[in-house]
Amino acid sequence: MIAAMLSAPLAAALLCALWLQLARRGQWLDSPGQRSSHSLPTASGGGVGIILALVLAMAVAAQAGVVWPPVYGLLLGLAVLLMLVGLLDDRYNLPARLRLGVYCAVCALLVTAVFAAAPGSDVLFGLPFPLWVQAPLLVLALLWLVNLYNFMDGIDGLATLQAFLAGMGGSLLALLAGDLTLALMCVLLALSQLGFLYWNWPPARLFMGDAGSVPLGFLLGGLAVIGAGHGTLPLACWLVLLAAFVTDATWTLLTRWRAGARVFEAHREHAYQRLSRHWGSHLAVDFLLVALNALWLFPLAWTIWRWPEFQLFLVILAYLPLLLGMAKLQRLT
């Protein structure tokens, strides 16, 4: 197990170093534009290193005797597919309809597999919704998480830190709940971020691109669905652990929609982008995310695990100050 956990960050760091050299030679660079938060051309596609490092770490764990249930193999395989689609999109700008079709199919396939393995699950706040209600809502939620994670990958280190914090938080809660397989998967996902973070730390030398942000959103959402389907962790725990990203992306999209803007067009109106400009620092926003998770969101997620009968109230409690903060940050330019 130690070898598996060590292999995740080390492999990610080495694979990202190799990818960085290939990207620079091939001129696979993300050039700054009016809506960018960086000022220099930067290599992109580093998400390949993250996902391949996770594949390697899971293989090492399997060699050590871990028997991964089929749904975890499906989750990983679909994440690799999304990595490849993201890589192609980074290079060739795939049609939006094609990408959305792939995302929908992948999300639907995972949710179907989870419910097939645990058909009696009540994953929506423990309420006894029928399967025909739960499944479509979960597919839509997972699809939104895939997209919003891509939207939130806009400044150095932020998306990587969110994946690390959510993965470690989910791992600790799964460990407390006694689901060692889910705990191991979460911690391997979290640790794989550290190798990439070495290259993505402000000022970043490598971006993850769609090859990283899209599968990361899917992996985090997929682990949430699996944990809830198996009765390990309430879905509300993950709603809280990912609350910073969910709030910023959803608020910004709704605000732009109300203003008549093209909601899926690239822009610099997210709260994290406003803050990074206001403070003149990507690192300050990263530290804010760490503090917010450590001091507010993770304690609330633990409280939900401990007293799940109050989960709906605690989710509202977690999001309320974030929504108030979004309203205040809307005034920043």
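# Close-up views of a predicted model

**Figure 1. The largest cavity and its lining.** W251, T252, T255, R256, E269, R274 and Q330 line the largest cavity. The structure shown here and in the other views is a predicted model. The volume of this cavity is about 30 Å³, and a search of the whole structure finds one cavity of 30 Å³ or more. Helix α10 is the main contributor to the lining of the largest cavity, giving four residues. By class, this lining has one nonpolar, three polar and three charged residues.

**Figure 2. The salt bridge between R256 and E269.** Both R256 and E269 are among the residues that line the largest cavity. They form a salt bridge in which the closest N and O atoms are 3.0 Å apart. R256 has a relative accessible area of 5% and is buried. E269 has a relative accessible area of 32% and is partly exposed.

**Figure 3. The salt bridge between D89 and R99.** The whole structure holds two salt bridges. In the one between D89 and R99, the closest N and O atoms lie 3.2 Å apart. D89 is in helix α3 and R99 in helix α4, and 10 residues separate them. D89 and R99 are both buried.

**Figure 4. Helix α11 and its surroundings.** Helix α11 spans residues 271-279. Its buried residues are A271, Y272, Q273, R274, L275 and S276. Of these, R274 also lines the largest cavity. The buried residues of α11 are covered by elements that include α5, α6 (158-177), α10, α12 (282-306) and α13. After α11 comes G280, which has a positive phi, near 65°.

**Figure 5. The largest pocket.** This pocket has a volume of about 1600 Å³. It is lined by 50 residues, and those closest to its centre are N150, F151, D153, D210 and A266. Two or more lining residues come from each of β1 (29-30), α3 (70-92), α4 (96-117), α5 (131-151), α7 (180-200), α8 (210-229), α10 (243-258) and α11 (271-279). The largest share of the lining, five residues, belongs to α4. Sorted by class, the lining of the largest pocket consists of 20 nonpolar, 18 polar and 12 charged residues.

**Figure 6. The second largest pocket.** The second largest pocket holds about 550 Å³ of space. Its lining is made of 24 residues, and A141, L142, W144, L239 and V246 lie nearest the centre. At least two lining residues are supplied by each of α5, α8, α9 (235-241), α10 and α13 (311-329). Helix α5 gives the most to this lining, with eight residues. The lining of the second largest pocket divides into 21 nonpolar and three polar residues, with no charged residues.

**Figure 7. The aromatic pair of W144 and F151.** The structure has seven aromatic pairs. W144 and F151 form one that is edge-to-face, with 5.9 Å from centre to centre and 65° between the planes. W144 is partly exposed, at a relative accessible area of 26%. F151 also counts as partly exposed, at 23% relative accessibility. W144 is one of the residues nearest the centre of the second largest pocket, whereas F151 is among those closest to the centre of the largest pocket.

**Figure 8. The aromatic pair of W302 and W307.** The ring centres of W302 and W307 are 5.9 Å apart and the ring planes stand at 90°, so this pair is edge-to-face. The relative accessible area of W302 is 32%, and W302 is partly exposed. W307 is partly exposed too, with a relative accessible area of 36%.

**Figure 9. W257 on helix α10.** W257 is placed in helix α10. Its relative accessibility is 60%, so W257 counts as exposed, the cut-off for exposed being over 50%. The C-alpha atoms of W257 and F164 are 31 Å apart, and the two residues are 93 residues apart along the chain.

Definitions and conventions. Residues are numbered from 1 along each chain as its sequence is written. This is a predicted model: local features need pLDDT of at least 70, side-chain atom pairs count only at pLDDT 80 or more; totals for chains, interfaces and linings use all residues. Side-chain values use heavy atoms; hydrogens and water are left out. On a 1 Å grid over the protein atoms alone, a cavity is a set of points where a 1.4 Å probe fits but cannot get out, and a pocket is an open set with protein on both sides within 12 Å along at least five of seven lines; lining residues have an atom within 4 Å of a point. Grid points are joined across faces, edges and corners, and a volume is the space filled by probe spheres set on the points. Ala, Val, Leu, Ile, Met, Phe, Trp, Tyr, Cys and Pro count as nonpolar, Asp, Glu, Lys and Arg as charged, and the others, Gly among them, as polar. Buried means under 20% relative accessible area, exposed over 50%, partly exposed in between (1.4 Å probe, protein chains only). Contact means heavy atoms within 4.5 Å. A salt bridge is a side-chain nitrogen of Lys or Arg within 4 Å of a carboxyl oxygen of Asp or Glu. Rings of Phe, Tyr and Trp (its six-membered ring) pair if their centres lie within 6.5 Å; planes under 30 degrees apart count as stacked, over 60 as edge-to-face and the rest as tilted.
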